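Student: I'd like to learn how to read strand and helix packing. Could we go through a structure together?
Tutor: Gladly; here it is.

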Amino acid sequence: MSLNLIHGPPNSGRAGLIRRRFEDALDRDPVLVVPTLDDVYRFERELCEGGASLGGATMTFGGLFRALATSGGTPPAAELTPAQRLRAISVAIAERRERLGPLRRSAARPGFALAFALLLDELQAAGLEPAAVEAGAGTLEGSAYLNDLATLFAGYAAVRDRLGRTDSHGVAGRAIELLRDGGARWRRPVFLYGLDDLTPNQLALIRALAEATEVTVALSCEEDNAALAARASLLERLREIGVPEETRTEADLANTTNPLLFHLERGFGSAEPDRRQPGEGLSILRSAGERGEAEAIGAEVARLIAGGAEPGEIAIALRDPERRGPLVASVLESYGVAVALEAELPVAGTAVGGTLLALLAATAEGGTAADLLRFLRGPSGLPRGQVDWFERALRRRRVRTAAAGLELWRERNEELPHDLTRIEEAVNGAPGELATMVAWLAVTMASRPLRGERDGPAPGRGDGLELRAAAAISAALAELTDPIELAPGPGELAATIEGVRFRAWSGPVEGRVRIASPYALRAARFDHVFVGSLQDGEFPRRDRGGDPFLSDSQRESLGLAPRHDVDAEERYLFHACLALPRERLFLSYRDSDENGVAEPRSPLLDDVLRLLEPPPGEEVPDPVETSIVRGRDLAQIVHPVAEAPSEHELARAIAARGAVADTAALLAVAGVDEPVAGRIAARIEIARTAEAASRAPGPLANPAVTGAMEAVPAYGGTTLEGFDLCSYRWFVSHELRPKPLDPAPDPLVQGGLMHAVLDRLYTERPGGDPLPRPDSLPAWIERGRELVAETAAAGGLGNHPAERAMVRRVEGLLARFLAEESRRDSGFEPWLLEAGFGEEEDLERPALEVDGWRLHGAIDRVDRDAAGRTLVVDYKLANTVTARGKLEEEAKLQLQLYLIAVAEQWGADPVGGLYHPLRGTSARRPRGFALDEAAEQLASFGLASTDLVDREGFEELLADARRRAGEIVARMRRGDIRRDPGPRRGLRGHGVCPPFCDFAPICRRDRAPVEPDDEEGENR
Ligand code: SF4
């Protein structure tokens, strides 16, 4: 019996050679071992290409271990599934945590069980037992730490044995033992292909097998090839077993159809490589942002398929398919390309997994309102509208905990969501009941959209992932209820689900573009290969600090293989990618992220460019690179029309040309015929109509609407100012009135509170003075504090810490204002408070007739002096207030109009109108305007000289306000609504949206200032 080695570089015909030897041995029932299940299917297909192939089997290494372990006639104990094994590790950690030393704290952290499981895999794959690790702890540095690892290892073994189970490593050990004892009775020849890395157990098995039968190992290895250096030691370890026959294969151009690709694979890693002219077989894709890269790859794949390529002959190699694969897969699927994403994804990242975790968090102690909302927003079976209104209630009441959220739900609905009730009941049920219920819920949630329940649209592309995730959760939890000892309790279930991963694609890969890691693809060949995400730090990966548990010396002392040299491993993997394609190779990288921040490309790309001729010279950019790079910039949000990879993308590409583009001509450029051309033309037409309507909204044309606008009986000053600030903003806030989601902004609530308290305070006059005076100030402040508390309580404020803070802030602002007021001595005293005029009968005065329209309002305060002259005061809860010179610029009208109202409705003689800043810190001075003849009397207000005006200017100011208000009313009545933020042209801020306006998603105006020429028909 013997061990035969076949080794050589890629493209040297090893696969063909081993297949021929396997076929020659068919009469002896040979076994072919390959790395992955997909390789099993592929080899079986290839073996059957010439017709049925009888005898022989293809399997993975795990399959070989199992076949050998059962070959003695007595099958090993039942194996723990991956979910059971992880749970058994968690049980062991919980049981032994109190005995741990340095690892005790880490062992309580989420994710520890998963990390420890990886170490355990390595220890067991090296044939180590707990006792060996414990013995090693006595002789090694950091022995307390290793003792902890030995304790946990022993704990796991105890749990596993208590359950009467074994694990895959136990099966491997039994297989090796049977072979060594001669109990396996195994004579079938074994061939191994594509396995470039072997664990100690696998090597031990090969050693034992070689004693019993003929074993042939085909390796990708070339002794003087630096790119394959990472695998050189494997060849040596195999030779140590004793190799009577070695076959060295040589690279042969006949094994690939493209000489350039052969050259790249042969030259990569060479210290002084030959150069060769670039050609058809190599392209570099340069993109901006992850989506841009996925779309660039997708477009090339679609083009290849349109050109006749078989999807199954296209592969996309990603160093990290778990992270990058889902986006690439979803883009390809949206182009109508079938894909097989070979990646293990965490169920926690799916809608079903995330919703279940949120549900468990919401029902657990310490659950938050955000957890509850995440559950309700998932496939919970509840109508979206109901959840929207509930979210609004949560936010407006500032609810933070899940318990308070559930109380609020009960207030608004008859019963709790059924899923939540089910979980609450199961938590108190027998062991395993909760896991069974969550398993059932996973499947129920994933299938709700399929059954047309009310939680969203019918399933579309990508929903297959949800079903697979649900199946993985359900299967894992079902496995954990038998044996029942593994059933996770309420506190452990979430961590268990977080550890569940599922294969994004688990069916046959025939007819599908494969997206996988270089490890998964390296045993195969494809016509066309993409290597994506070639970024520095990703491919090649940066060394992440090595083993999280063991130092290099600890590994060595325990007999574990040294960690891979990261750099050599990454170069080996990239070399494997270069060896994959027969016809075309696409190397793809991103030069920036979605925000335009530069991202460095992989140095491996430069290594490829070093193989091309001519070498870089003075010329920038390098002409060789320019000739093979296809760039896609951040601004390129659609594909060129002639290159659009799908009907939808073609429609987008044409739409992006704007309203004036000739659709028919562009469709002709794309070479699209009926009925697709007709469908796209119709879509473009609809989109253009909608776009035109939303780009330039208004004027309002519906007679019912304009009729209603004309019939408004009276207008308030705030309304007019709002319209002046931006007519569209006014229309949305005043007429459409969208319901706010969040509580009213603090300044608004504080302002309301302050106004109400000041009104009552000045009406009550504590201490008998009409204004606070130095002597009566304490009484005013004391009463003010009481009124703040009373008014806040009446308004339902004070339950939340933020509200209590707000109330205290108002108390402080009020005290400061009263103190200021007590120091003034102007002769003016409050005369009217909250003086209302308008249509309602209970108001002091009727609405004011102004040039064909009427004004209504409520004036905060009007003061009067002994001579009957009046001063209008408007409280503003702001840091700064508007000066006279900026009244128009800041769309201020109300103060001037109130002066007119005071004069005409109350027959008073106003000398000025002042905005009083209640929140100002350094700028406490009231602003506005006043007659210069009253300056001396108003000296204690500290007015700015620029706010003083002579009688003529005073009258002009009021007349100007009357004119502006009249124009605004006329526009309102015409329904003249436009996106026209800021004052008229020529004043500062014209065309600029105020920073506080959050209606841009409704009005759809770009927030940057827009020149009138850019917005047709929107000149003011
Ligand atoms: S975002 Fe600008 S244009 Fe739109 S409503 Fe607000 S202020 Fe007006």
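Student: How many strands form the open sheet, and in what order do they stand?
Tutor: Strands of a sheet pair through backbone hydrogen bonds, either parallel or antiparallel. In this predicted model, seven strands make up an open sheet with parallel pairing, ordered S9-S12-S8-S13-S14-S7-S15. Strands (E, at least two residues) and helices (H or I, at least four) are DSSP runs numbered from the N terminus, and two strands pair if DSSP finds at least two bridges between them.

Student: Which strands stand at the edges?
Tutor: Strand S9 (339-341) and strand S15 (629-632) do; each has a single partner strand, so one side of each lacks a neighbour in the sheet. On average, neighbouring strands are turned by 20° against each other, direction ignored.

Student: What joins S7 to S14?
Tutor: Seven bridges link S7 (residues 282-288) with S14 (residues 581-592), and the two run parallel. Ile 284 stands opposite Leu 587 in S14. Helix H14 (residues 321-334) packs on the sheet, touching S8 (314-318), S9, S12 (513-516) and S14. Contact here means heavy atoms within 4.5 Å. The direction of H14 makes about 165° with that of S9.

Student: How are such angles defined?
Tutor: Axes are lines fitted to C-alpha atoms, for helices over the stretch in contact, and angles between N-to-C directions run from 0 to 180 degrees. Under 35 degrees counts as roughly parallel, over 145 as roughly antiparallel, 65 to 115 as roughly perpendicular, and the rest as oblique.

Student: Where do the axes of H9 and H10 fall on that scale?
Tutor: The axes of H9 (residues 168-181) and H10 (residues 200-212) come within 9 Å and cross at roughly 25°, so these helices are roughly parallel to each other. Residues in the contact include Ala 172 and Leu 179 of H9 and Ala 204 and Leu 205 of H10.

Student: And how do H15 and H19 pack?
Tutor: H15 (residues 351-363) and H19 (residues 418-427) pack at about 60°, with axes 10 Å apart, which makes H15 oblique to H19. Leu 359, Leu 360 and Thr 363 in H15 meet Asp 419, Leu 420, Ile 423 and Glu 424 in H19.

Student: What should I know about the numbering and the confidence limits?
Tutor: Residues are numbered from 1 along each chain as its sequence is written, and side-chain values use heavy atoms, leaving out hydrogens and water. Local features need pLDDT of at least 70 and side-chain atom pairs count only at pLDDT 80 or more, while totals for chains, interfaces and linings use all residues.
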